Amino acid sequence: MTESELVNLWIKTRWHIIVSQFAPTFLLTALVGFFALGLATADPSVRAAAAGVLLASGILGALVQINAANEALAVIADLRAVDGMSAVTRRILSAAPWVNVVRFVTPAVFVVVYVALLIALFAG
């Protein structure tokens, strides 16, 4: 692939990373809002369903984020092989360590938030 094609692929992959954040963020925000409306005192079956929806969506969201990050790292690996790199390519390469935030930190934060919400749902 040419440098231009790889840069365009990077742009698409970066967009996938950004979009993959929307659903989990919305879901967590909505659940906090549902707590304000009384979810913590709802029937146990409703609370279990909320926990299940959050878990299923969280797993899917984490998988999408990890996959998008892995694809971004593959593009970066291919860009490293380009001769006579442009400033744009050098800037993309400098972002490589930050892609690991999407692969590791974001899913870890989700786990912490999920555990906190489970505690609030069932122990609160």
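Student: Does Phe-110 count as buried or exposed?

Tutor: Burial is judged by relative accessible area: buried means under 20%, exposed over 50%, and partly exposed in between, with a 1.4 Å probe and protein chains only. Phe-110 counts as buried because its relative accessibility is 14%. Tyr-114 is likewise buried, at 12%. Please note that this is a predicted model, in which local features need pLDDT of at least 70 and side-chain atom pairs count only at pLDDT 80 or more, while totals for chains, interfaces and linings use all residues. Residues are numbered from 1 along each chain as its sequence is written, and side-chain values use heavy atoms, with hydrogens and water left out.

Student: How are Phe-110 and Tyr-114 placed in helix 4?

Tutor: Helices are DSSP runs (H or I, at least four residues), as strands are (E, at least two), numbered from the N terminus. Within helix 4, Phe-110 and Tyr-114 are four residues apart, or about one turn of the helix.

Student: Which geometry does the aromatic pair of Phe-110 and Tyr-114 have?

Tutor: A pair of aromatic rings is described by the distance of the centres and the angle of the planes. Rings of Phe, Tyr and Trp (its six-membered ring) pair if their centres lie within 6.5 Å; planes under 30 degrees apart count as stacked, over 60 as edge-to-face and the rest as tilted. One aromatic pair is counted by this rule. Phe-110 and Tyr-114 form a stacked pair, with 5.9 Å from centre to centre and 20° between the planes.

Student: What does Tyr-114 touch, leaving aside its neighbours within four places in sequence?

Tutor: Contact means heavy atoms within 4.5 Å. With those neighbours left aside, Tyr-114 is in contact with Ala-51, Leu-54 and Leu-55. Leu-54 is 60 residues from Tyr-114 along the chain, yet their C-alpha atoms are separated by 7.7 Å.

Student: Which residues of the largest nonpolar core touch the most other members?

Tutor: In soluble globular proteins, nonpolar side chains tend to be buried together. A nonpolar core is a set of buried Ala, Val, Leu, Ile, Met, Phe, Trp, Tyr and Cys residues joined through side-chain atoms within 4.5 Å. Here the largest core has 16 residues, and those touching the most other members are Trp-10, Ile-17, Ala-72, Ile-76, Leu-79, Ile-92 and Val-99. Two or more residues of this core come from each of helix 1 (3–36), helix 2 (44–80), helix 3 (87–94) and helix 4 (96–122). Helix 2 gives the largest share, six residues. Not counting residues up to four places away in sequence, Ile-92 touches Val-7, Trp-10, Ile-76 and Leu-79. A second, separate core has eleven residues, including Leu-31, Ala-50, Ala-51 and Leu-117.

Student: Is Leu-9 buried or partly exposed?

Tutor: Leu-9 lies in helix 1 and counts as partly exposed because its relative accessibility is 32%. Its C-alpha atom is separated by 8.4 Å from that of Ala-72, 63 residues away along the chain. Leaving aside neighbours within four places in sequence, Leu-9 is in contact with Met-1 and Val-75.

Student: And where is Glu-71 placed?

Tutor: Glu-71 belongs to helix 2 and is partly exposed, with a relative accessible area of 35%. Not counting residues up to four places away in sequence, Glu-71 touches Thr-13 and His-16. From Glu-71 to Leu-9 the C-alpha distance is 9.4 Å, across 62 residues of sequence.
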